[in-house]
Amino acid sequence: MSSPAEFYNSLPPISKAYGTACLLTTTAVQLGLLNIFYIALLHEYVFKYFQVWRLFTNFFFLEKFSINFGIRLLMIARYGVQLEKGPFERQTADFLWMMIFGALTLLVLSAIPIFRTPFLGVSLVFMLLYVWSREFPNAQINIYGLVTLKSFYLPWAMLALDVIFGSKLIPDLLGIIAGHLYYFLTVLHPLATGKVFLKTPMWVNKLVARYRIGAPSQPSRSAAQSDRPTGVAFSGRSYRLNG
C-alpha cells in the first residue's frame, strides 16, 4: 500500500492543484488566518470596488471543516482524478479548459438573483461529478452502504441527500447545470450534428505547455467525439474503472 505522500504525488496535476487549494483555503479560514469575507463572491464589491480576486477565490472554499467538506474533497480526489486519468488522459489542456469553462458558466449563473451564492466551490465539484457520471454512466456506485445505483444517477442522488440533510439546493443544482452545458457542447451536440462549438482555446494549450503541467490537446476531445456514431449520444464512453 502506498504512503499518503506517494498517493498525493501520483495525482494528476489539475485535480491535485484544485484539491490542494481548497484544503489550504479551508484550513486558513478554520485557523483564523484568512477572513472568509475577503474571498467571498460579493458582486457589489467586484464591480463597485474592483475586487476582482473574488471571482477566483470563491472557488477555493468548500465549507468549514465538516463531513460535507470531507465528502467534497473526496469527490475531487475520486471523480476529478478518474476524469483526468481516463477520458482526459494526456489531454491536460482539455481538462483545465473544462474547469475554466465550468467556473465561467457558474459566475454567469450566479449573477442571476435566484442563483446568487457567495461561494461556488461546491458547484464546481458538482460539475466534476456530473461530467464523471456521463463519462462512466454504467459504473455501480454504493451510497453509504445503503443504496447501489448506476453512476449516471449519482449527481441527482447526492443532490437529494444534501436536501434531506439540510444543505442548500442551489450550489448542487448550479454544478449540474454547468456540467450538462459542458457535456452537451463537447459531446452530445457534436455527436448529433457533427459541429463543434466549444474547443479548447490555444492560450490554454500554451499555458499548459509553458508551465509543463501536463499535455496539450491531441487532438481536441470534441473533435474526437464528433467521429463517433450519433446513435450512442447518451451512452457515455466505455472507460474501465480501476477496482
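User: Which residue does the side chain of R72 meet in a salt bridge?
Analyst: This is a predicted model: local features need pLDDT of at least 70, side-chain atom pairs count only at pLDDT 80 or more, and totals for chains, interfaces and linings use all residues. Residues are numbered from 1 along each chain as its sequence is written, and side-chain values use heavy atoms, with hydrogens and water left out. A salt bridge is a side-chain nitrogen of Lys or Arg within 4 Å of a carboxyl oxygen of Asp or Glu. For R72, the N to O distance is 2.6 Å and the partner is D162.

User: How many residues apart in sequence are the parts that R72 and D162 tie together?
Analyst: Helices (H or I, at least four residues) and strands (E, at least two) are DSSP runs, numbered from the N terminus. R72 lies in helix 5 and D162 in helix 8 (residues 154-164), so the pair ties together parts whose separation in sequence is 90 residues.

User: Is D162 buried or exposed?
Analyst: Buried means under 20% relative accessible area, exposed over 50%, and partly exposed in between (1.4 Å probe, protein chains only). D162 has a relative accessible area of 6%. That value is under the 20% limit, so D162 is buried.

User: Which residues does D162 touch, not counting those up to four places away in sequence?
Analyst: Contact means heavy atoms within 4.5 Å. The salt-bridge partner of D162 is in the list. The residues are R72, F126, S167 and D172.

User: Which elements do the buried residues of helix 8 pack against?
Analyst: The buried residues of helix 8 are L154, P155, A157, M158, L159, L161 and D162. Just after the helix, G166 takes a positive phi of about 90°. The packing partners of those buried residues are helix 5, helix 7, strand 1 (140-143), strand 2 (147-150) and helix 9 (169-193).

User: Which residue meets E89 in a salt bridge?
Analyst: The count of salt bridges comes to two. In the E89 pair, the side chains are 3.4 Å apart, N to O. E89 is partly exposed, with a relative accessible area of 40%. Its partner, exposed at 54%, is R90.

User: What does the side chain of N58 reach at 3.0 Å?
Analyst: N58 lies in the loop between helix 4 and helix 5 (67-85). Its relative accessible area is 0%, so N58 is buried. A polar contact is a pair of N or O atoms within 3.5 Å; within protein, one must be able to donate a hydrogen and the other to accept it, and residues adjacent in sequence count only if both atoms are side-chain atoms. At 3.0 Å, the side chain of N58 reaches the backbone nitrogen of L120.

User: Which residues is N58 in contact with, leaving aside neighbours within four places in sequence?
Analyst: The residue whose backbone nitrogen N58 reaches is among them. The residues are I39, A40, L41, L107, P118, F119, L120 and G121.

User: How far from a polar atom of the side chain of S123 does the backbone oxygen of P171 lie?
Analyst: S123 is found in helix 7 (residues 121-135), and is buried with a relative accessible area of 0%. Residues up to four places away in sequence aside, S123 touches L106, P171, L174 and G175. For the backbone oxygen of P171, the distance is 2.8 Å.

User: What separates the C-alpha atoms of S123 and L62?
Analyst: Along the chain, these two residues are 61 residues apart. Their C-alpha atoms are separated by 9.0 Å.

User: What is the volume of the largest pocket?
Analyst: A pocket is an open set of points on a 1 Å grid over the protein atoms alone, where a 1.4 Å probe fits, with protein on both sides within 12 Å along at least five of seven lines. Grid points are joined across faces, edges and corners, and a volume is the space filled by probe spheres set on the points. For the largest pocket, the volume is about 520 Å³.

User: Which residues lie nearest the centre of the largest pocket?
Analyst: Lining residues have an atom within 4 Å of a point. The largest pocket has 18 of them. Nearest the centre are F60, L96, M99, I100 and A103.

User: Which element gives the largest share of the lining of the largest pocket?
Analyst: The lining has 18 nonpolar, no polar and no charged residues. Nonpolar means Ala, Val, Leu, Ile, Met, Phe, Trp, Tyr, Cys and Pro; Asp, Glu, Lys and Arg count as charged, and the others, Gly among them, as polar. The largest share is six residues, and comes from helix 6.

User: How many helices and strands does the protein chain have?
Analyst: From the N terminus on, the elements run α-α-α-α-α-α-α-β-β-α-α-α-α. The count is 11 helices and two strands.
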